[in-house]
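Subject: Structure handover

Hello,

Here is the structure for you to look at. Please open it first, then read the notes below.

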Amino acid sequence: MGEELDSIDRKILSQLQQDGRISNTRLAEVVALSPTAVLARSQRLYREGYVDSVEARLNARKLGLATLIFVEVRLDRTTPNVLDAFSASVQVHPEILECHMVAGGFDYLLKIRVRDMDHFHHFANTRLWTLPGVRETRTYTVMHEVKNSTRLAV
């Protein structure tokens, strides 16, 4: 990376997390710098990769995707070719929001969004259980989302 982050950089990042559409003028007011200085800092933070992307967080319920499910996946083998094939195959399924290789009693943890349990049942039968190397899965249906955030402590 480039320069160290100072308190102003951290304030800029914090504000961008809260509102990715904040205007440069408003951001300058919030962090008490000139718009020119804030623009230069923001551009540097983007250029140096401190901001991965800016995107809208959609309301899953309003879009008919109210069911959130976590799935533990255990593969039949953890050889590089099986891991690569599994990792590549999860990329093409929009229902799979996140896929994490983990240490412990299973190999991957998936975060999945679907309309309802019928949708998940169809997805599991036709896609999930047919992913390369899948030997066993354990499914956890979320009853209530207590906290759902992507904000990092900066």
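Which residues are exposed on the other side of helix 4? They are Pro-80, Asn-81 and Asp-84. Bear in mind that this is a predicted model.

Now the buried side. Helix 4 spans residues 80-90. Its buried residues are Val-82, Leu-83, Phe-86, Ser-89 and Val-90. Viewed down the helix axis, they fall within an arc of 135°, so they line one face of helix 4. Strand 1 (67-75), strand 2 (96-101), strand 3 (108-114) and strand 4 (134-141) are among the parts that cover them.

Next, the salt bridges. The whole structure has ten.

- Arg-74 and Glu-136: their side chains meet at 3.7 Å, N to O. Arg-74 sits in strand 1 and Glu-136 in strand 4, so the pair ties together parts that are 62 residues apart in sequence. Arg-74 is partly exposed, at 28% relative accessibility. Glu-136 is partly exposed too, at 29%.
- Arg-127 and Glu-95: here the N to O distance is 3.9 Å. Arg-127 is in the loop between helix 5 (117-126) and strand 4, while Glu-95 is in the loop between helix 4 and strand 2. They are 32 residues apart. Arg-127 is partly exposed, with a relative accessible area of 32%. Glu-95 is buried, at 13%.
- Arg-44 and Glu-48: the closest N and O atoms are 3.4 Å apart. Both residues are buried.

Arg-44 and Glu-48 also belong to a network.

Best wishes

Terms used
Residues are numbered from 1 along each chain as its sequence is written. This is a predicted model: local features need pLDDT of at least 70, side-chain atom pairs count only at pLDDT 80 or more; totals for chains, interfaces and linings use all residues. Side-chain values use heavy atoms; hydrogens and water are left out. Buried means under 20% relative accessible area, exposed over 50%, partly exposed in between (1.4 Å probe, protein chains only). Helices (H or I, at least four residues) and strands (E, at least two) are DSSP runs, numbered from the N terminus. The arc is that of the directions from the helix axis to the C-beta atoms. Contact means heavy atoms within 4.5 Å. A salt bridge is a side-chain nitrogen of Lys or Arg within 4 Å of a carboxyl oxygen of Asp or Glu.
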